[in-house]
Amino acid sequence: MMLTILSSPFKHTHRSTPAIMAWVALAACPGIIAQWYFFGPGSFIQIVLCILTAWITEGIVLKLRNRSVLSTLRDHSALVTAILLGISIPGYAPWWVAVLGTIFAILLAKQLYGGLGQNIFNPAMAAYVFLLISFPVAMTGWIPPLSLIKLPLQFGDSLHLIFTGFTLDGFSLHQIANSADSISQATPLNALKTGITLGHSVPSILATPLFDSFAGIGWNAMNAGFLLGGLFLLWQRIIRWHIPVMFLATFAIFSLIGHWFAPEHIASPLVDLFSGATMLGAFFILTDPVTASTTPKGRLIYGSMIGALVFIIRHIGGYPDGVAFAVLIANMCVPLLDHLTQPRVYGHRGKSSHE
């Protein structure tokens, strides 16, 4: 008999990277379905555009690098990046926004660093911030929920609007948005920030048609969908609890304290937790295994840091939602966090007082 000796460490796992990525993509489906139901098929079309662009871009880069194209694409990392970016882009933004953002995510934020496992920034969030800073008008063109829109918006209209700027009946995105109540032309977080800036109180803003449900029509359902998907990922042990729990707990505590001291300017934690990209960020963006902290203590600090940053950006900064910015800032801190929180090696003894 031949004895084969292998070096440690040994890690037993029954899931490959492609399987993990596929489960993550599947877990995002409840939130995507809710997004389609309340806002139309625009976001689904953006997701498809992002996926196709991601596959083509990564295939070309891999070919230029003399790397195996099919084997790399099968790890589904480009798929997950494209889905997260597609969800984040306004559903009826021009088609080139999704294409340009995805090229940035795959080419500059991922492959430029060497590919999966080498990038220091979350590719989807890096691309989102790039688009938001470069094309602020296109990236803030969210439409009201379909229940508030007086103009028809079917699948064909959505497709035509994304590629030509007009529906089949000749209506522009501006006309569709203005067919609803004036304050409902923005996302709930935009409406809150704008209303507070104009001197309105939070209770008066929450009384508008956009907030017919506690965190905004459609947005609470989307966040509930991503929460459901996130709980599934936790149940399957695809992600660990440290980051999402600490992020949500820290964010909720900051929001509770802010609401306690300034209820006229800061909404309740329930509104904060179920609006914007809170649940998408908690379970699908922050938990990126490549760009998040890898030690247990580091994950706790990482999640808490992002929770605090999101609250500060939302309620003090200039942007209504701060998940993307907070994630990128925390990504820069990951090497230091991992260095400071590395667990001691088994059998390690500290230096004696005589050394």
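Ala, Val, Leu, Ile, Met, Phe, Trp, Tyr, Cys and Pro count here as nonpolar, Asp, Glu, Lys and Arg as charged, and the others, Gly among them, as polar. On that basis, the lining of the largest pocket in this predicted model divides into 17 nonpolar, 11 polar and seven charged residues.

**Largest pocket**
- The volume of the largest pocket is about 1100 Å³.
- Its lining has 35 residues, and Ile20, Ile238, Ile239, Thr287 and Pro289 are the closest to its centre.
- Helix 1 (17-27), helix 5 (77-88), helix 7 (123-134), helix 14 (242-261) and helix 16 (278-285) each give two or more residues to this lining.

**Second largest pocket**
- The second largest pocket holds about 460 Å³ of space.
- Among its 27 lining residues, Ser88, Tyr128, Trp142, Ala277 and Asp321 are the closest to the centre.
- Elements giving two or more residues to this lining include helix 11 (188-197) and helix 18, while helix 13 has the largest share, with four residues.
- By class, the lining of the second largest pocket has 19 nonpolar, seven polar and one charged residue.

**Nonpolar cores**
- The largest nonpolar core has 81 residues, and Ile89, Phe284, Tyr302 and Ile306 have the most contacts inside it.
- Helix 18 (residues 323-340) supplies the largest share of this core, nine residues.
- Another core, of 10 residues, lies apart from it and includes Val202, Ile205, Phe211 and Ala267.

Methods: Residues are numbered from 1 along each chain as its sequence is written. This is a predicted model: local features need pLDDT of at least 70, side-chain atom pairs count only at pLDDT 80 or more; totals for chains, interfaces and linings use all residues. Side-chain values use heavy atoms; hydrogens and water are left out. A nonpolar core is a set of buried Ala, Val, Leu, Ile, Met, Phe, Trp, Tyr and Cys residues joined through side-chain atoms within 4.5 Å. Buried means under 20% relative accessible area, exposed over 50%, partly exposed in between (1.4 Å probe, protein chains only). On a 1 Å grid over the protein atoms alone, a cavity is a set of points where a 1.4 Å probe fits but cannot get out, and a pocket is an open set with protein on both sides within 12 Å along at least five of seven lines; lining residues have an atom within 4 Å of a point. Grid points are joined across faces, edges and corners, and a volume is the space filled by probe spheres set on the points.
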